[in-house]
Amino acid sequence: MKNFLILGLLGVGLGACTEDLSKPADDTTPPAGATSGDQTTTFDHDNSGISPWDLIDRLEKEGPPKYTSHVHSCPKVRVATLGNVLTSLGVNIGNATALSAGDLYRSGGNALGAANFANRIRENIGVSTSGASREFDIFAAAADEIIANVGTLERCKDAGGNPATLFDTSDACLPTGITCLLGVPASVAHLDFCNLTIQNASDHATGKRIAVAAMLAAAYTCE
Amino acid sequence: MRKMSLVFALAGTALAVPACSNDPGPATGGDDGSGSGSGSGDEWDQALGQREYDYNAALKIAALRLTGDLPTMTEINEIGGAADLATKKSLYNARITDYMSRPSYAKQMLAFWRDTFKLGETAEFDTAPALAAQLSVQNGAYTSLFTANAGNCPTFNPADGTFTPAECGNGGPVAGVLTNPGVMKQFYSNFGFRRVRWIQEVFDCTKFPAEISATPTDVGGVSPYTGVWPFNSIASPTNGGGRVNFQDVSAVICANCHTTINHIAPLIANYDIDGKFQTKISVPTPLDGSPPAALSDYLPAGETTAWRFGTPAADIAGLGAAMAADPAVATCGVARMWNWALGKTDIVDTLQEVPADTIATQVTAFQTGGFKLKDLIYAVYTSDDFVKF
């Protein structure tokens, strides 16, 4: 009983916090676990939901719904969309070579939060440690393929048919190539980051791989 | 002593929570969904007011969501090179229209509805998401999800993004996705309650309890009964001879949720484990031996099925009509589209609420414009909130 009252108090608090905070809470959903069955009570049925602690943490970090509902969140790139993005960057996602970008992508459904409809679970679009880690691994593995193929990508040709180029002959980063990678116009900051990464690496080839992977990771942590 | 400390700690947390957003007063931001803010108001209004238009950033997000791929260099450059904001907006809006005319948009909509419905990826389970995707592509009415009486189980051709209408063939009445065999099979359960929960959460965007009275009633339990239905409107061993005590008050007040649930469930209880309609109730009970449920298990004699208190529904078609007429259902539809566009997680599972003020403009347009889904999606993706960062 005492535990129930504790959870009830917490539930009232949460209801007040997630709505406009000037309004009273009207949520009387029993706390998670309250409808679990035992020998003496009713039938077991799950009413679990978001952890109240996670919700409090989210509200503290992101702000109230009257603010957050107006702004973009940071969902991960959907699994299918990630495959399309990789393909449009010149990556062969059908590559069966162990630990290639294609192999990491195709075997990464669980880590990336793919749907499990047989168990009534939709795709998880939240950024998780496992999902982000796998995505970064894929980008690191894909860097060489992307560097080799950017110049051939139809998607990255401009209206005049000119291909995108990632690096010039002195291994300096070029805007067209970065724009092709990111999907938005390359900024000075993007170019600076890219150039610094190459210059500070042990050699330029390694630096280019790191630069491409790092920019992709930054650009596609959120969809 | 340790327990008491825990009580105080958690109670303190509960009391502190309302202060977590430092919300000292009413919002002053616009109610047109723009969230432009005026720079006045509290810190959140000011933050909204400081956002700036970025049509290239919006284009990338829109391309990934609406087509599942990145924008092309030409698409990026045409907006990036536009001379002024008005031109950028015009080009951006035109590109959204273009994106929404592509076959890839149909694939994206199918994926969206699979996630929303929590089923799909096989022919058997894809027909409900396909119907919703078809409406989204062909600018059909959202209300058709509850009222369409033919062609409710279309097939989808991902190669060209087309839909081919087909009948579900599972017998019985036909009412949008409410009678879909895949839905009925996926959410089969004791008493059919999982189906009711699916309807409630997907289309009303809240968990149960769905109906809450402003005047709670003491029914002898640890907390009051908060439903709007009469407490005796649902069955129990002492109220109509039901075999399960839905009037139990020893732990939680079951009736808070079950007054609503029990008035809906009998409407969809005739679908069997394979989602086929039968002439009698075909869902089990959790009693020993799992005997089939009976109407008297849900409701005492004289009670009739309903969508909500005061909104009776004699059959599934009636349920669909009642849902189609419910403003909360329309608002939920807009909120789900809004959350999808803005990258939110599930509105129910993760409590990603959308305050009414945020989507008031889109809801009004949706309701007055015939609940057109494609129009709604276009409106959301071209709203100020979507293109400001």
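Student: Why does B:Gly192 count as buried?

Tutor: The idea is to count neighbours: a residue is buried if 20 or more other C-beta atoms lie within 10 Å of its own, exposed if 12 or fewer, and partly exposed in between, with C-beta atoms placed from the backbone. B:Gly192 counts as buried because it has 26 C-beta neighbours inside 10 Å. By the way, this is a predicted model, where local features need pLDDT of at least 70 and side-chain atom pairs count only at pLDDT 80 or more, while totals for chains, interfaces and linings use all residues. Residues are numbered from 1 along each chain as its sequence is written, and chains are lettered from A and ligands numbered from 1 in the order in which they are written.

Student: Where is B:Gly192 placed?

Tutor: Helices (H or I, at least four residues) and strands (E, at least two) are DSSP runs, numbered from the N terminus. B:Gly192 sits in the loop between H9 and helix H10 (193–204) of chain B.

Student: Which residues is B:Gly192 in contact with, leaving aside neighbours within four places in sequence?

Tutor: Two residues are in contact if their C-beta atoms, placed from the backbone, lie within 7 Å. For B:Gly192 those partners are B:Ala265, B:Ile268, B:Ala269 and B:Val283. Take B:Ala265: it is 73 residues from B:Gly192 in sequence, yet their C-alpha atoms are 5.9 Å apart in space.

Student: Which residues have the most contacts inside the largest nonpolar core?

Tutor: In soluble globular proteins, nonpolar side chains tend to be buried together. A nonpolar core is a set of buried Ala, Val, Leu, Ile, Met, Phe, Trp, Tyr and Cys residues joined through C-beta atoms within 7 Å. Here the largest one has 148 residues, and those with the most contacts inside it are A:Ala142, B:Ala62, B:Ala133, B:Ala265, B:Val334, B:Trp338 and B:Val380. Helix H14 (residues 327–341) of chain B gives the largest share of this core, 9 residues. As for B:Val380, its contacts beyond four places in sequence are B:Met337, B:Trp338, B:Ala341, B:Gln362 and B:Phe386.

Student: How many residues of helix H7 of chain B are buried?

Tutor: For H7(B), residues 127–137, the count is 11 of 11. B:Ala133 is one of these buried residues. Their cover includes helix H6 (103–117), helix H8 (144–147), strand S1 (155–157), strand S2 (162–164), helix H9 (181–186) and helix H16 (373–381) of chain B. Just after H7(B), B:Asn139 takes a positive phi of about 55 degrees.

Student: At what angle do helices H7 and H9 of chain A pack?

Tutor: Axes are lines fitted to C-alpha atoms, for helices over the stretch in contact, and angles run from 0 to 180 degrees between N-to-C directions. H7(A), residues 175–182, and H9(A), residues 204–220, pack at about 45 degrees, with axes 9 Å apart. Angles under 35 degrees count as roughly parallel, over 145 as roughly antiparallel, 65 to 115 as roughly perpendicular and the rest as oblique. H7(A) and H9(A) are therefore oblique to each other. Where they meet, A:Ile178, A:Leu181 and A:Leu182 in H7(A) touch A:Val212, A:Met215, A:Leu216 and A:Ala219 in H9(A).

Student: What pLDDT does each chain average?

Tutor: pLDDT is the predictor's confidence in each residue, from 0 to 100. Chain B averages 90, and chain A averages 85. Over residues 1–26 of chain A the pLDDT is below 50, and it stays under 50 over residues 1–39 of chain B.
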